[in-house]
Amino acid sequence: MLKKKSIFISILHLFLITFASSSIANEQCSAKVNFLTVPKIQSQTVPLADEVSLKLNQYLATQSKDGAKVASNVICQQLIGASYTGSDEEWKNFLESAINGLKRNNLQDIQFTLVGEVDKVYKGDLENKEYSFVYKSSAGVQNVYNVAILDLENNTIYTISVSGHESVKESVYQEYKRIVSSFQI
């Protein structure tokens, strides 16, 4: 059996690396989010160890704001055969995986900010971590706002991200606030 630490380090890496080749499916996760455009849906199940797998569903919608693309991305990560715990170590590994995933994609000047309790956009009761990234890519400086919401009852982490070019940073943040406020289980 894989150690829990190894499972959670792998989760974001799998998201960043494997969804590029996933097929589109019509599976739904147990959460609802109000997208402004019709999202592309991708789904897959990734084996992590004997009798442990990760069911991933991605919903990606894009829109144009002032000539720049704004992407709203929701990932449902349901762990099968093991359980999320919400421990500090689990969250630490989850966030480190996010940072390392960006580094593996050769992004430059990565800035990570963990959002404090007072400034969080997500106001629900579920355990969560809110964070943002700013980094340089071939398309210029990008801003990404994220919240990872842990639903222990459904053994699922929901990650909501909105990203876009620095030139539309305020539009990206407003879309992030709008889509996070629409999140329901």
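Colleague: In the hairpin of β1 and β2, which residue takes a positive phi near 60°?
Modeller: In this predicted model, that residue is Glu 51, in a hairpin that has two residues between its strands.

Colleague: What makes β1 and β2 paired strands?
Modeller: Pairing requires at least two bridges between two strands, and nine bridges join strand β1, residues 40-49, to β2. The two are therefore paired, and they run antiparallel. As one example, Gln 44 stands opposite Leu 56 in β2.

Colleague: Why is Ser 43 called buried?
Modeller: Ser 43 is found in strand β1. The relative accessible area of Ser 43 is 8%, and buried means under 20%, so Ser 43 is buried.

Colleague: What makes the approach of the side chain of Ser 43 to the side chain of Asn 57 a polar contact?
Modeller: The limit for such a pair of N or O atoms is 3.5 Å. The contact between these two side chains is at 2.7 Å, so the distance lies within the limit. A polar atom of the Ser 43 side chain also lies 3.4 Å from the backbone oxygen of Leu 56.

Colleague: How do you know that the length of helix α2 agrees with its number of residues?
Modeller: Helix α2 covers residues 88-104, which is 17 residues. At 1.5 Å a residue, these should span 24 Å, and the end C-alpha atoms are 24 Å apart, so the two values agree.

Colleague: Which residues of α2 are buried?
Modeller: Among them are Trp 91, Phe 94, Leu 95, Ala 98, Ile 99 and Leu 102. An α-helix has 3.6 residues a turn, so residues three or four places apart point the same way. After α2 comes Asn 106, whose phi is positive, near 60°.

Colleague: Why is Thr 156 counted as buried?
Modeller: Thr 156 is found in strand β7. Its relative accessibility is 3%, and the cut-off is under 20%, so Thr 156 counts as buried.

Colleague: Which residues does Thr 156 touch, leaving out those up to four places away in sequence?
Modeller: Thr 156 touches Cys 76, Gln 77, Gln 78, Tyr 84, Ile 149, Leu 150 and Asp 151. The side chain of Thr 156 also reaches the backbone oxygen of Asn 154 at 2.8 Å. Thr 156 and Leu 54 are 102 residues apart in sequence, yet their C-alpha atoms are 9.5 Å apart in space.

Colleague: Why is Val 115 called partly exposed?
Modeller: Val 115 has its place in the loop between β4 and β5. Its relative accessible area is 23%. Buried means under 20% and exposed means over 50%, so Val 115 falls in between and is partly exposed. Val 115 touches Lys 120, Glu 130 and Tyr 131, not counting residues up to four places away in sequence.

Colleague: What makes β4 and β5 paired, and what makes β5 and β6 paired?
Modeller: Strand β4, residues 108-114, and strand β5, residues 127-137, share five bridges, while β5 and β6 share eleven. The requirement is at least two bridges, so both pairs qualify. Both pair in the antiparallel sense. Thr 113 has Ser 132 in β5 as its bridge partner, and Glu 130 has Val 147 in β6. β5 and β6 form a hairpin with two residues between them.

Colleague: Which residues of the largest nonpolar core touch the most other members?
Modeller: They are Ile 160 and Val 180, in a core of 24 residues. β2, β3, β6, β7 and α3 each supply at least two residues of this core. Apart from this core lies another, of 23 residues, among them Ala 98, Ile 99, Tyr 135 and Val 144. In soluble globular proteins, nonpolar side chains tend to be buried together.

Colleague: What links Phe 112, Tyr 131 and Phe 133 into a cluster?
Modeller: Ring pairs link these three residues. Two rings pair if their centres lie within 6.5 Å, and by this rule there are nine aromatic pairs.

Colleague: How many helices and strands does the protein chain hold?
Modeller: There are three helices and seven strands, in the order α-β-β-β-α-β-β-β-β-α from the N terminus. Buried residues make up 46% of the 185 residues.

Note on methods:
Residues numbered from 1 in each chain as written. Predicted model: local features only at pLDDT ≥ 70, side-chain atom pairs only at ≥ 80, totals over all residues. Heavy atoms only, no water. Helix = DSSP H or I, 4+ residues; strand = E, 2+ residues; numbered from the N terminus. Expected span 1.5 Å × (residues − 1). Buried < 20%, exposed > 50% of the residue type's maximum accessible area, 1.4 Å probe, protein only. Core = buried A, V, L, I, M, F, W, Y, C linked by side-chain atoms within 4.5 Å. Phe/Tyr/Trp six-rings, centres within 6.5 Å; stacked < 30°, edge-to-face > 60°. Polar contact = N/O pair within 3.5 Å; in protein donor to acceptor, adjacent residues only side chain to side chain. Contact = heavy atoms within 4.5 Å.
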